[in-house]
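Take a look at the model below. Then read on for a short tour.

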Amino acid sequence: MTSHWILGPGAIGRLLAHSLSPLADITLVGRRALPEQQTITAPEGEARSQHLNGIASYQLVANAPAPPAFVHITTKAMAAEAALESVAGAIPATTPLVLWQNGFLAQPRLTERWPGPVLCASTTEGAYLTGDDGVFHAGRGHTFVGDLENRHGALAQQLAHQLSQAGLAATAVDDIRSRLWQKLAVNAAINPLVALNGIRNGELCGAAYAGRVEAVVEEVAAIMVAEGIQAPDGGSCLEAWLALVWNVIEKTSNNKASMLQDVEGKRLTERGAILGPLIESGERYGVGCEVLLGLDGELAVLEAGF
Ligand code: KPL
């Protein structure tokens, strides 16, 4: 059986663990041990309980199970490097990593730093925690897997095959960098505005916010041109990015975006991983990013109060 360690037993981590568990040898690694009996509720409503092996990261070096075939890092973007550090002493430096973070912060840093293969996953699976022992698989999506330098296609295929067998539809791709930036563009247009205003995604269509969405997308579209990233439909003009963003807003109109959930829970947001790479790129290429800087500043003020 292929063995997978999953660092960060949040919603995506537990969804992965539950899905892979019947086919693979799973270990959930967190800062603290979770109840071993865990329940997942499927999008259709059916609940299933199973035993998931867990271990706290501080116990790993002394009690490490055999080295895994894959280490998945499913923490928030800003916690990914620390999560890897917490297990690095217990795994060979050739172990493949799989990064599930939003944005584009952890992916280039860990690709540069880790000697072994680093795969990145971009997923539209929806899940949220219902407690210490439960996760709700809110919506089925699709996961794309690849590495930033296109050197590990066979490994990406192997992982995509295993995820698909586990019921998480997945495809290995050779353009994961573009896919991560496309998702980042959408996240940048939606997440800060809904988090700052305490609204559901769909409310961005209203007159109070639509102009601000368009102002963000205008900057993002110009940065994407500088980065050489096309919209998923192949277009690179402002209209293509606007169409993408409005489409996601419509499809997720009732969602409480992840950044809003963080703000409501008084947790640090992923602004550094979502707005950070765009602002850095805008400044590097001399593309205006005043609106993005404004949102980042407003979020920083909000976070300072947590
Ligand atoms: O990915 C999302 C998130 O919440 O982080 C969006 C697309 C904004 C949907 O809510």
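What follows covers a ligand site and a pair of helices.

This is a predicted model, where local features need pLDDT of at least 70, side-chain atom pairs count only at pLDDT 80 or more, and totals for chains, interfaces and linings use all residues. Residues are numbered from 1 along each chain as its sequence is written, and side-chain values use heavy atoms, without hydrogens and water.

**The ligand site**

Which residues surround the ligand? They are N187, I190, N191, N201, V248, N255, A257 and S258, counted when a heavy atom lies within 4 Å. By class, this shell holds 3 nonpolar, 5 polar and no charged residues. Helix α6 (residues 176-197) gives the most to the shell, with 3 residues. Helices here are DSSP runs of H or I, at least four residues long, numbered from the N terminus.

The table lists polar contacts, pairs of N or O atoms within 3.5 Å.

| Side chain | Ligand atom | Distance |
|---|---|---|
| N191 | oxygen | 3.2 Å |
| N201 | oxygen | 3.0 Å |
| S258 | oxygen | 2.5 Å |

Taken alone, the ligand exposes 280 Å², and the protein buries 83% of that. Such areas come from the Shrake-Rupley method with a 1.4 Å probe.

**The helix pair**

Helix α10 (residues 271-285) packs with helix α11 (residues 290-304) at about 145 degrees, and their axes are 10 Å apart. Axes are lines fitted to C-alpha atoms over the stretch in contact, and angles run from 0 to 180 degrees between N-to-C directions. On the α10 side, the contact (heavy atoms within 4.5 Å) uses R271, L275, L278, I279 and E283. Helix α11 brings L292, L293, L295, D296, L299, A300 and E303. The contact has 8 nonpolar, no polar and 4 charged residues. Asp, Glu, Lys and Arg count as charged; Ala, Val, Leu, Ile, Met, Phe, Trp, Tyr, Cys and Pro as nonpolar; the others as polar.

Note on methods: Helix = DSSP H or I, 4+ residues; strand = E, 2+ residues; numbered from the N terminus. Polar contact = N/O pair within 3.5 Å; in protein donor to acceptor, adjacent residues only side chain to side chain.
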